[in-house]
Amino acid sequence: MVAAGRLGNKSGQGLLTGLTRQKATEAPGFTVLGHSANFDDLKGTGGDVTLHLGGGYAPDASKTAVLVELGSECLGQHTGEHMGQEGSNAVGFARYRNGSDAPSTLIEIVHQPNTSDAAIEAARAIFEVQGFDTVLCKDLAGRIVDRLVRPKYNDALRFLDEGLATAEDMDKTCCMGLGYPVGPLARVHSGGLAQHFEISKALHDMTGLPGYAPVRRAVVAKAAQTGGMAKAAE
């Protein structure tokens, strides 16, 4: 079981992360509420942690942790925020999935400034015992994966429009020169340009950073999807 406790100042300090951290082999019991296509086979055992799938949230201070599945939103949209001092036993989580591709084993664990140490450890243990890999990040738009890759995808799509090189040659360069297992253009097309538009737009709305502004090809794909859905509804 995870021992109770809180961090002295910033959440996450003192926790082993990345390659230096050993995955948990034991986890507290948990109850699953809601449904999610990303966790079809996740079964609760009952216990001191509540796990909300599909984004639902209900605070419960009697629990070691209350886990909330996130989409592109921040955890603070569920819990509220207060002058940078927010945090409780609520922990966000998101299973990375490249659009319509099968979901990965990566779980991004999201904490606020004063999230309890015990809640974070419980969240990581629950997912790691289930066979997932976890990483820890602050409650910022895009978390780790989307914050890193969406500008890269936008640049690659923009370079394609500008005629820098063919899609095949850009992807080949990234794979052979940078060690990517899959090139950025193949990857973003596999997940779907309309889905890339939605995530990029959400990040741009929250951050205002130009790198997240959806580029032409993503805008076109989203418009085509919306138009197709409208015609199907007629």
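Contact in this tour means heavy atoms within 4.5 Å. The model is predicted, so local features need pLDDT of at least 70 and side-chain atom pairs count only at pLDDT 80 or more, while totals for chains, interfaces and linings use all residues. Residues are numbered from 1 along each chain as its sequence is written, and side-chain values use heavy atoms, with hydrogens and water left out.

**Stop 1: phenylalanine 39**

Select phenylalanine 39 and show its surroundings. Leaving aside residues up to four places away in sequence, Phe39 touches Leu53, Glu69, Phe93, Arg95, Ile107, Phe127 and Phe132. Is phenylalanine 39 buried or exposed? Its relative accessible area is 3%, so phenylalanine 39 is buried; the word stands for under 20% relative accessible area, with exposed meaning over 50% and partly exposed in between (1.4 Å probe, protein chains only).

**Stop 2**

Rings of Phe, Tyr and Trp (its six-membered ring) pair if their centres lie within 6.5 Å; planes under 30 degrees apart count as stacked, over 60 as edge-to-face and the rest as tilted. How many aromatic pairs does the structure hold? There are five. In one of them, phenylalanine 39 and phenylalanine 127 have ring centres 6.0 Å apart and planes at 40°, so this pair is tilted. The two partners come from distant parts of the chain, 88 residues apart: phenylalanine 39 is in the loop between strand S1 (30-33) and S2, and phenylalanine 127 is in helix H2. Helices (H or I, at least four residues) and strands (E, at least two) are DSSP runs, numbered from the N terminus.

**Stop 3: the strands**

Switch to cartoon view and colour S3, residues 65-69. Five of its five residues are buried. Ala65, Leu67 and Glu69 point one way, whereas Val66 and Val68 point the other way.

On to the neighbours of S3. Two strands pair if DSSP finds at least two bridges between them. Strand S2 (residues 49-52) pairs with S3 in the parallel sense over four bridges, and you can find valine 49 opposite alanine 65. S3 and strand S4 (residues 90-95) also run parallel, joined by four bridges. Here leucine 67 stands opposite valine 91, and glutamate 69 has phenylalanine 93 as its bridge partner.

Stay on S4 and look at its two faces. Ala90, Gly92 and Ala94 lie on one side, with Val91, Phe93 and Arg95 on the other, and all are buried. S4 pairs with strand S5 (residues 106-111) in the antiparallel sense, over four bridges; select alanine 94 and you will see glutamate 108 opposite.

**Stop 4: the nonpolar cores**

A nonpolar core is a set of buried Ala, Val, Leu, Ile, Met, Phe, Trp, Tyr and Cys residues joined through side-chain atoms within 4.5 Å. The largest one has 20 residues, and Phe39, Leu51, Leu67, Phe93, Ile109 and Phe127 touch the most other members. Which elements give two or more residues to this core? They are S2, S3, S4, S5 and helix H2 (117-129). H2 gives the most, with six residues. Apart from this core lies another, of 12 residues, including Val149, Ala156, Val188 and Val215.

**Stop 5: two last residues**

Select arginine 158 in helix H3 (residues 145-162). Its relative accessibility is 30%, so arginine 158 counts as partly exposed.

Finish at alanine 61, in the loop between S2 and S3. With 79% relative accessibility, alanine 61 counts as exposed. Serine 88 is 27 residues from alanine 61 in sequence and 8.1 Å away in space, C-alpha to C-alpha.
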